[in-house]
Amino acid sequence: MTAMDAARKALKEVFGYEAFRPGQSDAVAAILSGRDVMAVMPTGAGKSLCYQIPALVLPGVTLVVSPLISLMRDQVSALLQSGVRAAYLNSSLTPRQHMLALQNARRGVYKIIYIAPERLMTDAFLSFAKEADIAQVVVDEAHCVSQWGQDFRPGYLQIAPFLNSLPRRPRVSAFTATATKNVRMDIVRLLELQNPYNILTGFDRPNLFFEVRREKDRDAGLLRFLREHEGQSGIVYCGTRKGVEEVTGMLCQNGVDAVGYHAGMADELREQAQEDFVSDKAPVIVATNAFGMGIDKSNVAFVVHYNMPKDLESYYQEAGRAGRDGEEAVCCLFYQPSDVRLNTFLIDHSQETSQMDEQTQRVVTERARERLRQMTFYATGGGCLRARILQYFGEAVSESGCGNCSGCLAREAERDVTREAGQIVAAVISLGGRFGKAMVAKILSGKREERVLKQGLDKLSGFGCLKAEGEENVRLMLDELIADGVLEVTDGEYPRLCAGERARDILLGSEPVHMALLPKDAAPAARARVKQKTYLHKELFTRLSALRRDIAQKQHVPPFIIFTNATLRDMADKQPRTRAQMMRVAGVGEGKMERYGSAFLREIERYREEQK
């Protein structure tokens, strides 16, 4: 039997899948052949199997460097449910638990060990690692090693020294869902990957509908959104812990079953909130970015960003937690200009950078500001939202757009605003870079507010020249001109608006400008495109879900650890009656068949009897 034959056997018998997904077989084959691997695969593409399958086939142990305790815990729980011996080493263990885990590791009990990067160079672990038969070292969330990345973690810089300290270098693989070209180059260099086999399966998630909403009253807008998605499960991300608490309270007061989650909560409260969400007791969870990584809840129908994140990497990773079951899902960003100010403050006062030397701190901060600029362009620039995301990650896009985002659906309303764009540029130049975007919008739309009148700005020739458009549309035009490089925004605590590189062309009218300036009630038409599929055996699926929930509660694990929604749907469609038939259900392997097969077969049989 070849190594790949053994891999396919493990895929079916352990994890219950008949075939690899795109990119998985290439990664598995490369690892099994002894190659280093650099893999960028979108959330939901099945990255974990790419290294878990080789771990089962290769002799020795596989080490997985992972950044989050919750991620390790869920991965290990899922492996144990599938009959794979696995463990984790991180700060959640007591000294005695850590010692016992290392003793088991020395005895060869585990095939896979998850470890936090900060633990690699400890004396106890180094002593074990230098004696162990390490088949491969996997770096999960590999973008954390790069200062160009959104989650730079200094502990990841210990990975290369750890590898160099081993008597024999194992094969090394690096996996991430979001990495620009600069980050990918950094990963290869900093992890010292040797002639790695590169896998880039593409960043696109066609089942996700992207939209940006500008809401003056975000609470009212969120309630409208949740009414549109009543009965569905989703995540609402907030930028701060205080925001999580306020939004959770507001939703509960308005009759929404929501729970809050952030790192400042007591462990038991945070774990209860997560359990209520993954078990579908609470359809909505309001959270900071501390929630989500490693949470493989497959039926998340929407992800809302109540506040704009600091960068597109974070946004796409968090938005990608919707639709992991392949169903159509919505990723909605609520944008307000105040988000830019909040994120700038968070970047400039980051606790992570405060621990770095001055030069490193300056580099990391400047790169974070550039990523924030790109995130702002996504939220304000108009056009195809999917194209902006894919272009950011270096992927070619169709000029015609995706047809599945609010930007594309807005194209029908595009009109020629060449004259208006010229008026805006002329006004910005005449103001000499003295004012920010908000004030420029008030001047152009003719707002006779106290600050405007006090400075005599109502006497300017351009005052009120775009009054017919209204302040909101003027802001939209300013945003698009900034995104297109016609205008620029200065750095600093009080950003100012000034002319950009392309201002002259617009001022002379030599280049036509088209924009979509939509009324606020246009968004529901876009959202109406996203509809839930109907299933032939919904009642059986509901009963199987209830059985899964009961088993999960008894075992104190999330329901998706037992079976995913996709597996339950396949089970409901196929309605297996025998062990052999159950083993043909996607996601049912030998381990889960032994643990749960009989219970689910009995439930299916009861359902069939009742239908006669």
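This is a predicted model: local features need pLDDT of at least 70, side-chain atom pairs count only at pLDDT 80 or more; totals for chains, interfaces and linings use all residues.
The expected span here is 1.5 Å times one less than the number of residues in the helix, and helices (H or I, at least four residues) and strands (E, at least two) are DSSP runs, numbered from the N terminus.

Residues are numbered from 1 along each chain as its sequence is written, and side-chain values use heavy atoms, with hydrogens and water left out.

Coming back to H4, its buried residues are Ser70, Leu71, Met72, Asp74, Gln75, Val76, Leu79 and Gln81, where buried means under 20% relative accessible area, exposed means over 50%, and partly exposed lies in between, with a 1.4 Å probe and protein chains only. H4 is followed by Gly83, whose phi is positive, near 85°.

Helix H15, residues 358-380, can be described in a similar way: its 23 residues should span 33 Å at 1.5 Å a residue, and its end C-alpha atoms are 33 Å apart, which agrees. Among the buried residues of H15 are Thr360, Val364, Arg367, Arg371 and Tyr378, and just after H15 comes Gly382, which takes a positive phi of about 75°.

Now to the packing of helices. Two packed helices are described by the angle between their axes and the distance between the axes. The axes are lines fitted to C-alpha atoms, for helices over the stretch in contact, and the angles run from 0 to 180 degrees between N-to-C directions.

How do H1 and H3 lie to each other? The axes of helix H1, residues 3-13, and helix H3, residues 47-57, come within 9 Å and cross at roughly 115°, and the two helices are therefore roughly perpendicular to each other; angles under 35 degrees count as roughly parallel, over 145 as roughly antiparallel, 65 to 115 as roughly perpendicular and the rest as oblique. On the H1 side, Ala3, Ala6, Ala7, Ala10 and Leu11 meet Leu49, Ile53, Leu56 and Val57 of H3, contact meaning heavy atoms within 4.5 Å. The residues of this contact divide into nine nonpolar, no polar and no charged, where Ala, Val, Leu, Ile, Met, Phe, Trp, Tyr, Cys and Pro count as nonpolar, Asp, Glu, Lys and Arg as charged, and the others, Gly among them, as polar.

The second pair is helix H24, residues 538-555, and helix H28, residues 590-611, which pack at an angle of about 150° with their axes 10 Å apart, and which are therefore roughly antiparallel to each other. The contact includes Leu540, Arg543 and Leu547 of H24 and Phe600, Glu603 and Tyr607 of H28, and by class it has nine nonpolar, two polar and six charged residues.

Finally, most residues other than glycine have a negative phi. Glu192, however, has a positive phi of about 55°; Glu192 sits in the loop between helix H8 and strand E7 and, at 40% relative accessibility, counts as partly exposed. Gln575 also has a positive phi, near 45°, in the loop between helix H26 and helix H27, and Gln575 is buried, with a relative accessible area of 12%.
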